[in-house]
2 protein chains.
Amino acid sequence: MLSKIPVSYQEEITAELQKAVSEHDVGVSSLLRYHMGWEDASGQPKFETTGKLLRPKLCLLACQATGGNIQQILPAAAAVELIHNFSLIHDDIEDDSPERHHRATVWKLWGKAQAINAGDAMFSIAHLEVLKLRRNGISERKTLNATGMLSRACLNLCEGQHMDISYEARFDVTVHDYLNMITKKTAALLATATALGAYLGTADDEGDRITDCFYSFGEYLGLAFQLRDDILGIWGDEKQTGKPVGADIKKKKKTLPVLYALEKSSGINRKEFEEIYSRRLLDGKEVTRIVGLLDKVNAGKYAQEKVEYYSHQAFAQLEATGIEAAKLAPLEEIAHSLVQRDY
Amino acid sequence: MLSKIPVSYQEEITAELQKAVSEHDVGVSSLLRYHMGWEDASGQPKFETTGKLLRPKLCLLACQATGGNIQQILPAAAAVELIHNFSLIHDDIEDDSPERHHRATVWKLWGKAQAINAGDAMFSIAHLEVLKLRRNGISERKTLNATGMLSRACLNLCEGQHMDISYEARFDVTVHDYLNMITKKTAALLATATALGAYLGTADDEGDRITDCFYSFGEYLGLAFQLRDDILGIWGDEKQTGKPVGADIKKKKKTLPVLYALEKSSGINRKEFEEIYSRRLLDGKEVTRIVGLLDKVNAGKYAQEKVEYYSHQAFAQLEATGIEAAKLAPLEEIAHSLVQRDY
């Protein structure tokens with residue numbers, strides 16, 4: 001059931017992003033253009049699309065569904081994508097990841113000091129970008145509220161990341177803790193992307209109720225998206241995902257299936273689980289053993305049920321907006337492609 | 001000529017900062033409270049004032065000089081201080097500094113991953129803080145413009161930091177390059193602090209001209225402040241500064257006196273200079289030798305002349321506002337204390 005994300009507004013979003021990053025004549029922007037996949041490390045233009053542009057697409061499709069003007073709100077869509085990318089630049093340093101999308105990460109090429117600073121510059125540019133809404137005819141009040149929504153999403157993101165790093169050294173993290181963490185780390189920005197599109201696309205009098213529905217839609221979708229990622233990170237087909245089976249286990253990630261299995265395991269199985277997960281490096285045999293322990297308690301099935309539950313909730317929120325089905329179809333399509341993907 | 005910064009609005013600023021950091025129930029905020037000197041590492045309240053609160057004080061004094069309401073614009077003053085502190089948390093990681101104000105830095109206690117993320121959280125909180133201006137009765141237009149001024153200052157800061165890190169490995173950095181770098185890295189945020197105070201304190205019709213004067217005042221003051229710092233970092237009295245003579249030379253910093261001396265030195269002196277500055281660690285004898293090379297070309301005198309030139313320019317900008325002298329007196333006092341300080 002391989003399904004690709006629809007290519008909606010790819011060009012418009014990319015053009016807006018390129019303008020945002022390049023209009024400031026700052027030396028640091030070459031690091032940002034490299035990260036975005038528009039240049040190679042020596043500064044030569046070389047278009048390598050690295051991201052799916054999922055968040056800005058959701059933002060624009062939510063705007064379209066509520067009858068708004070896509071062109072007018074492009075800065076909001078671009079700002080969300082810039083925030084996402086600022087967090088990726090910093091995540092790669094925090095996780096010590098030398099590669100992303102088969103390319104060297106910013107810190108790997110320019111060092112950690114320059115990479116931290118490059119992420120900060122991307123963060124600043126995102127905040128300047130959202131202010132352009134006013135120039136596009138969005139009211140001052142709505143522009144201010146959009147800025148607030150974006151900054152709250154950033155704070156959620158940091159809080160989620162704080163939890164995620166804290167969890168690495170702990171074995172008492174529950175499924176509940178994990179869902180709380182990914183609500184902040186992953187779902188908050190997706191929720192803000194769709195909420196922003198709806199908020200900016202809707203007339204003032206009914207805006208709040210519809211914005212709330214779109215926020216919840218994005219949040220549930222974000223949870224389903226992350227949990228689908230967790231499943232593919234363990235049982236995914238290497239031909240589709242580009243990662244070997246058990247990739248996340250090899251990295252000792254504590255994703256939902258792992259935490260569920262830890263909760264369900266006891267006695268000797270639990271002890272073995274903790275013992276293997278405490279080692280510095282896991283070999284193939286140990287990865288297979290952990291996957292075996294997960295399968296024993298049907299952790300994959302449990303996670304897939306959660307994916308379906310959150311997807312269902314997401315679609316219910318879309319319906320609750322009261323917007324006619326035909327207008328919601330493109331959003332439903334992208335949502336389906338995310339939660340059913342095998343890659 | 002030891003002169004301390006006047007204690008203006010210390011309590012109001014601190015209260016606003018504490019509210020800003022603590023109102024978000026985020027796990028990461030304990031790292032921020034520690035950094036600000038309000039808690040020890042175990043989360044126990046323990047008030048240790050670590051910062052001078054220079055930027056928010058300048059912001060409020062500029063507001064006062066233009067006849068504005070201090071209480072109303074406290075969020076702008078606090079936001080500037082939060083931005084300054086976000087940059088300190090990240091700078092300490094980038095410079096690998098284990099201590100600040102005789103306390104362990106955030107990364108030293110919680111690790112670099114958590115510290116990068118804590119800085120990002122502080123950055124987000126600063127952006128949420130400035131939006132509170134609206135709640136305090138500042139117009140939507142002015143609140144939006146204040147947000148833009150803050151974000152532009154952040155981008156300048158990142159650009160200055162990018163240059164600063166790039167300069168570490170280079171010997172062809174000129175005095176001109178250096179002044180350009182500190183204009184962005186140090187002066188832009190001081191300039192924005194004073195400009196914000198004036199902009200928010202002034203009536204709309206004459207706001208732009210006065211705001212520009214206050215921006216230039218803060219910018220020149222920032223340059224004078226940084227160059228005074230450069231002098232004290234080499235020739236300062238340890239009893240006053242808390243740092244041994246030649247402290248910045250030991251760290252092989254390329255501050256103004258060093259770059260001036262490099263430009264003025266040639267032949268064997270220049271060769272020796274570069275050779276010493278290329279070593280991994282400098283011993284006391286080498287530090288003394290470099291200070292000797294600086295003294296040979298009167299680098300300290302040159303830097304002090306620059307301090308006086310920029311101070312003079314700063315005061316001229318204050319005068320150009322056309323505001324009566326009595327109202328500018330507190331700002332002049334703080335400016336004098338900064339550029340004449342021996343600590």
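In this predicted model, the C-alpha centres of domain 1 and domain 2 of chain A sit 23 Å apart. To find the two on screen, take residues 9-174 of chain A for domain 1 and residues 206-343 for domain 2.

Let's look at how these domains meet. On the domain 1 side of chain A, 18 residues make contact with 20 residues of domain 2. The size of an interface is often expressed as the accessible area lost when the parts come together. Here, domain 1 and domain 2 of chain A bury about 1,500 Å² between them, with 74% of that on carbon and sulfur atoms. Within domain 1 of chain A, the residues that lose the most area to domain 2 are A:Leu58, A:Ala65 and A:Phe171, which together account for 40% of what that side buries.

Now let's move to the cavity. The count comes to one cavity of 30 Å³ or more, and the largest cavity has a volume of about 60 Å³. Its lining draws on both chains: A:Asn117 and A:Asp120 are joined by B:Phe86, B:Ser87, B:His90, B:Asp91, B:Glu94, B:Leu157, B:Cys158 and B:Gln161.

Which helices each supply at least two residues of this lining? They are helix H6 (112-130) of chain A, and helix H4 (70-94) and helix H7 (140-167) of chain B. H4(B) gives the largest share, five residues.

Definitions and conventions:
Residues numbered from 1 in each chain as written. Chains lettered and ligands numbered in written order. Predicted model: local features only at pLDDT ≥ 70, side-chain atom pairs only at ≥ 80, totals over all residues. Heavy atoms only, no water. 1 Å grid on protein atoms, 1.4 Å probe; cavity = no way out; pocket = protein on both sides within 12 Å on 5 of 7 lines; lining within 4 Å. Points joined across faces, edges and corners; volume = space filled by probe spheres on them. Helix = DSSP H or I, 4+ residues; strand = E, 2+ residues; numbered from the N terminus. Domains from an automatic or database assignment. Contact = heavy atoms within 4.5 Å. Buried area = accessible area lost by both parts, 1.4 Å probe.
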